[in-house]
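I opened this entry to keep track of what I looked up. The notes follow the order in which I went through the model.

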Amino acid sequence: MKNASPRILALVLVFSAAIALRAQDIASFEKRITVKKLANGLTVVIMERPEAPVFSFYIHVDVGSAQEVPGITGLAHMFEHMAFKGTHEIGTRNWPAEKAALEKVETAYAAYLKEKLKEVGRDDKKVAQLEKAWQDAVTAADEFVIPNQFGEIVESQGGAGLNASTDRDETSYYYSFPQNRLELWAYLESERFLEPVMRQFYKERDVVFEERRMSVDSSPQGRLLEQFLGAAYIAHPYGRPVVGWPSDLRSFSATDAMNFFRKYYVPANMVVAVVGDVKASEALPIIERYFGRIPARPAPEPLRTAEPPQQALREVVIHDHSQPLYVEGYHRPDFRDPDDAVYDVLSDLLSKGRTSRLYRSLVRDKRIAIAAQGGSFPGNKYPSLFFFFAAPAQGHTAEEMAKPIHEEIEKLKTQDVSDEELQSIKTRAKADLIRGLGNDQGLAVQLGEYQALYGDWRELFRQIDEIDKVTKADIRRVANKTFREENRTVAKIETSETKGAPAKGEPR
Amino acid sequence: MNRLNSLLLALSFVLLNAAVAGSQSPAPAATATPSAPSAQRPSGGVATSWQQVPIPPLHAFKPQEPRRVQLENGMVIFLQEDHELPLIDGAIRIRGGSLDEPADKTGLVALYADVWRTGGTTSKTGDQLDDFLEAHAARIEAAESPDSTSLSWSALKENFDQVFPVVLDLLEHPEFRQDKLDLAKQQFSSLISRRNDDMDEITQRESTRLAYGANNPYARTPEYYTIAAVAREDLLQWHKRMVSPANMILGITGDFDSAAMEQRLRQAFAGLPRGEPLVPAKITFRDPSAGIYLVDKNDVNQSEISMVDLGIDRRNPDYYAVEVMNELFGGGFSSRLFVNIRTRQGLAYSVGGGVGTAFDHPGVTRFSMGTKSGSTAAGIEALRKEMDGLIHGAVKAEELKKAKDAILNSFIFEFDSKEKVLAERMRYEFYGYPPDFLERYRAGIEKVTTADVDRVARKYIHPEKMAVLVVGDAKDFDRNLSTFGKVTPIDISIPEKPGK
């Protein structure tokens, strides 16, 4: 590069301009944001952004697949699906009759499952009879259902982007509405967590199983990730698939789902963020009236199991028809760790754009990969992994990815990053923050998420200060602390035309 | 804590397909018929039924229209001020895309777009541009589509004066350096080698080929040899031929003063010679060959089914009735396909579809679902049954109302940001649609009747004439697909040379 010095000068100027921006922004955000904790423990965040007569929301529930235990893996995600099934009022033709019918379904299912899972003395004829009795009870209960009425109301009232998602740390619900539907929204969203109904549970379980087939069993990447996390974690639930194990997806019941709901969907575990054409003075009383109805319950006990320190390198090799893929991961602490921002800087340094180290080494210069990245996965709340991922270029194996990745790691451990690189990362972090502030749904997600995780939405802006403080020495220290061979788990797909088809996740 | 850096994101980036997430199916976008409250609710209390909740009138809203300027040389510029954030973003869309590339060089325009940016300019290498842009947290990217290429940028306001000259430099003096073309060719070939790893990618590609015909420019795919055939000279020629004001539409949005920005853009572009307006490629469309098509894949436990046909273009007066039909039949959570196939039968996680519509050519009509290998035939039957029900039945007034409400009540989301309004106006300009097309759309939807929906269902949905693609593990199917008629196997192995 020619003319390095004028550029650095320009950079410093940009840098200070961005800081000024930030200060101005956080002040303007303070004026437009209202936070209130309701009497039942539920936290509400409202941001006034009257750009157009619409609003978006994000409900964050502090429960994910990490709260599951063997036998109910996949239940957090399953409940998320069930939250679209309606209430005592929505989705039913006759609630008292439906309620009685659903109770019969549960009794019949429990009898069937007990016989089916008997380890000694199972009577297959009895299993078949009990299965039929359960199916008959399901058919009887279906008589009372108005399918998908909840979604139908949201859609016909102008809801956009109706969706929800579940991961290891959290379950979230979101969509956008025209501004005049605020009270309707408060009614619908409070009602679904006040009195959810587990109608059509077992058909929805089939739907979720199809989701597993699509995202894991029939996908080389899905299979690789499941094996990778399974190998990296021997104790902590991050090692289990969010969508659940096939056996559990065939076993857990609507009763299990309601127990899970009662334990984790307590107001103290929920944050509701609303952003758009709303006035806090008008919206808050409405939200309080509706969401205040959810009874206070004790917050669930924190997770006890922690991943013990890894003792030795672990490796998984999948021989698959697919083209090769390579991933390796190292245990890292959770998001509360003082070094959290250092991992963010590492991730940017290794992965962001065409100047990133992995791109320049593996893709541009060595030409052995078509993509290479590093970052944190699979969660934030509990100790996670810092991963390195590469997709080999045509004619290269997954195995070939290890050496150049380890060379990059060695550089991080032994050589300081340049001033320019570090400055550039800090500038980008600020610009990326600004770019994320321009739409209601994105803001609702970020404010809700930061309020839930840190107890204060302002942390969204303070993260930038933390990144600013990261030094070259921090990067070397954290690299040396984290990237050790005995802390490494490797998973790869090597292409094989002849080896058998991969496991399909269900018996033939 | 940085949620963006997930492994899933990395994977999806590489393989150019959607990532895995535990989530429900998406709902369609679409707003303004308040439903009258059926009963009064005590003020200060809570409603006991959703129908009791009052819906006040929507706040008055007039979206801010961008300013349109046309230069003497034909170039059209849209300026949209937006002072919320200190950013200035924009894009230049240029006529001419993959439809206009020679078949034996399929992939040329994709390579062109890639190397346009990475290959740098006469005075700066692509790597130097990377360093400069990353240090300023700015982005400049080129992209291609069937009918156009684009050069877009995003910059902090403070850096616009440094970033915009780079955009102009790329526009006027691109270098298409050979080393970056070599790199791009290697990457594109690698992507071809990976194109059969993901079921969804296979299904999309092969069903589009069935709908349009394998040689139709909207369907053809790059091969090793068509990528190998592209030379640097092709990229230079393409640029020379296409990139001229007569073929360009620029849109800019952000924290600027329109009058001053207009002057600046005039200075930048008014001096460029007009160039030759592109004559659009003549493309003929014919119906797909009816039948069952099978991609037999033994490493999956789910089948993807995709039934395809030619759709319509949006100038067709039936467009509005088709939109309403699509909404009620295969659109959101309450559509027939979703309710009957997913919710009631539990046969699929992803299911949906509709008559395809596009601005200037027939879209692809596509009904698809994913179901376990053992219910593949049941899935085809379920899709056919729903289509038959739509064609031979009569849509109920209540069903029509819900679908129209869904589109009209969510209509506001088509223009709820200045950036969206700008993007819409640029699209209408590009395709020669009237600037008030959105308003016409709303009026068109409002007029649709049940009879219209019944009529367009019969006119555009023909199950017996559709090509039915199944991607799955045939040995595990519930029935041999030949029970549906002749099965044509599709060989997806990747050819090394032309003329397979």
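I started at A:Lys403, which sits in helix α14 of chain A, residues 402-414. Helices here are DSSP runs of H or I with at least four residues, strands are runs of E with at least two, and both are numbered from the N terminus. A:Lys403 is exposed, at 59% relative accessible area. The classes are buried under 20%, exposed over 50% and partly exposed in between, with a 1.4 Å probe and protein chains only.

Ground rules next. This is a predicted model, where local features need pLDDT of at least 70, side-chain atom pairs count only at pLDDT 80 or more, and totals for chains, interfaces and linings use all residues. Residues count from 1 along each chain as its sequence is written, chains are lettered from A and ligands numbered from 1 in written order, and side-chain values use heavy atoms, without hydrogens or water.

I checked confidence. Chain A has a mean pLDDT (the predictor's confidence in each residue, 0 to 100) of 93, and 93% of its residues reach 70 or more. Residues 1-21 of chain A stay under 50; the model gives them 29 contacts beyond four places in sequence. A contact means heavy atoms within 4.5 Å. Where pLDDT is low, the predicted coordinates should not be read in detail.

Then the sheet in chain B. Six strands form an open, mixed sheet in the order β11-β13-β9-β14-β8-β15. Pairing requires at least two DSSP bridges between two strands. Strand β8 of chain B (residues 291-296) runs parallel to β15(B), over three bridges. B:Ile292 stands opposite B:Val487 of β15(B).

Last, the interface. Chain A and chain B bury about 10,300 Å² between them, 55% of it on carbon and sulfur atoms. Buried area is the accessible area (1.4 Å probe) lost on putting two parts together, summed over both. A:Glu155, A:Arg354 and A:Arg435 lose the most area in chain A, together 7% of what that side buries. The contact takes 124 residues from chain A and 114 residues from chain B. I found 10 salt bridges across it, each a side-chain nitrogen of Lys or Arg within 4 Å of a carboxyl oxygen of Asp or Glu. A:Asp432 forms a salt bridge with B:Arg139, closest N and O atoms 3.4 Å apart.
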